[in-house]
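Reader: I have a few questions about how the labels for this fold were assigned. Could you walk me through them?

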Amino acid sequence: MLDIRLEDPAIAGQTLQQQLHQGLVDAILEGRLPSHEPLPSTRDLASALKVSRNTVVLVYQRLLDDGYLTAVWRRGHFVNEQYIRQQLRLSVDTRTASLFTKERDPDLWRRHLQFRPTEARNIVKPANWRDFPYPFIYGQVSPDKTTISRWRDSMRLAGSLAHSQSWVGDQVDMDDPQLLEQIITRILPHRGLRAHPEQLLITIGAQNALFLVGQLLAGRGRTVGVEDPGYVDARNIFASTGADICPLPIDSEGLANSPVLSKCDMVYTTPSHQCPTSVTMSLDRRLQLVERARKDDFILVEDDYEHELNYLGHQRAALKSYDNSGHIIYIGSLTKLMFPGLRIGYILADSELIKELRALRRLNYRHPSAQDQRAMALFIGEGHLDSHLRRTRDRLSEKWQLMQNEISRQLPELNVTPTTGGSAVWVKLPDNIDAWAVHREAAKRGVLVEPGDVHYCDPDRAPRDRLRLGFAVIERDQIAPGITQLRNAIMAVVAENRKGTAAQ
């Protein structure tokens, strides 16, 4: 009998039919099924695996359709030997590599690499963050079962014959017109923006949008201003082009209207929630920056992530909404607050720039998945994205208030940056306590926190006493005990510091 084990579909992530199909394909391709012997009958296999006979019948029929099996009258199902031989002919003998005298050159990439992205300072997040009982980690989301179900329905509809013409062919450099229409009519108006289709470009997430913009507008001989502290990956993207990076000060209103702006060819800013402090830029500051961009002739790149997450007061109109000179490039994400792994973003800019960005994107990857674009258009059109954002906003608003209350109650000595929303809290530890020491001590107690020094441009002058506490994925009832454990970790670091001082 076949050695196939089926698991609970809820655990395996596959239906019994899918598991049986994969198990049989593996057995066929690995040669575990002799071609001269019939497979077990559908009745016998169903009985042995304790599944419905109909499940086995459907799997056998699918394997027949795909050419893995052949049916012989009154004898049963056999492995299609001719098909398997075709598969095995694809194997390649790589032993010819040993014919050459020299094998691996240890200095090969040292000579040829012009740039090493691995040497850039990056935020490091453990892959096992889900194992922490108190994950105060930024950039992840809690699964929303309703949204997952509705996205699955949208993907299924997008994959139907009625919509297949939108994605089966090579779209060259074009975007899904339905998605562009949904962005123009349903997304941009909430930000005070209007646009025509030729002013929009779909990207593989907002970060890919930054990369495309950097490739066109940064580079050697150009100066790019970035917020300090600021978004690490944006800084690394612009630096990778060879541009000079100019740190720009921030204050309680976000990016400061400082004289150094005039030295920049391009300026990157996060006005809705400054990364990493989460402060929201005031209207006066927005107007000042729009005027500075026009007057000093620099390009202003507006990364409008978390636009929806203000819990106090009204949502602010985007910087781009005040732009009448074309100096502002607006970058948004459709999936950051839904499924960060889905990666669908967009750029809104003058049509002349979009034309060039579209040509550059074509050289990179032509266009994002056309099926994903159509699914997102359907998802937005049916109101599912609006519903998801409302639920997310309600959940995070409660957590935001709870974070404020618990930190104030249990850790009043922490200096918390005041915000009107977001999904993280930016804090300064007391008495110059080292954030990395707290990070290590907290991890022993099941608490995951993020030291903030990586967000600063100059690693030698970066403060070592900053922490970012994300609260999107931690369960609401785990916030209070998580802050308690964080307090215990801080106290342990303080005690260790005093012990070291006394020893000296």
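Reader: Which residues touch the most other members of the largest nonpolar core?

Author: Happy to start there! In this predicted model, that core has 62 residues, and F136, I183, L334, Y346 and M376 touch the most other members. Helix 14 (residues 384-410) gives the largest share, with 7 residues. A separate core of 26 residues lies apart from it, with V226, A234, I347 and L360 among its members.

Reader: What does M376 touch, not counting residues up to four places away in sequence?

Author: The contacts of M376 are W151, L179, L334, T335, M338, L342 and I344.

Reader: Why is the pair of W151 and F379 called edge-to-face?

Author: Nice one. A search of the whole structure finds 4 aromatic pairs. For W151 and F379, the ring centres are 5.5 Å apart, and a pair needs centres within 6.5 Å. Their planes stand at 70°, and edge-to-face means over 60 degrees, so the pair is edge-to-face. W151 sits in helix 7 (residues 145-158) and F379 in helix 13 (residues 370-381), 228 residues apart.

Reader: And what makes the pair of Y330 and Y346 tilted?

Author: Here the centres are 6.2 Å apart and the planes are at 35°. Stacked needs under 30 degrees and edge-to-face over 60, so this pair is tilted. Y330 belongs to strand 10 (residues 328-333) and Y346 to strand 11 (residues 345-348), so the pair ties together parts 16 residues apart in sequence.

Reader: How do you know whether Y346 is buried or exposed?

Author: Buried means under 20% relative accessible area. Y346 has 0% relative accessibility, so Y346 counts as buried. Y330, at 0% relative accessibility, counts as buried too.

Key: Residues numbered from 1 in each chain as written. Predicted model: local features only at pLDDT ≥ 70, side-chain atom pairs only at ≥ 80, totals over all residues. Heavy atoms only, no water. Core = buried A, V, L, I, M, F, W, Y, C linked by side-chain atoms within 4.5 Å. Buried < 20%, exposed > 50% of the residue type's maximum accessible area, 1.4 Å probe, protein only. Helix = DSSP H or I, 4+ residues; strand = E, 2+ residues; numbered from the N terminus. Contact = heavy atoms within 4.5 Å. Phe/Tyr/Trp six-rings, centres within 6.5 Å; stacked < 30°, edge-to-face > 60°.
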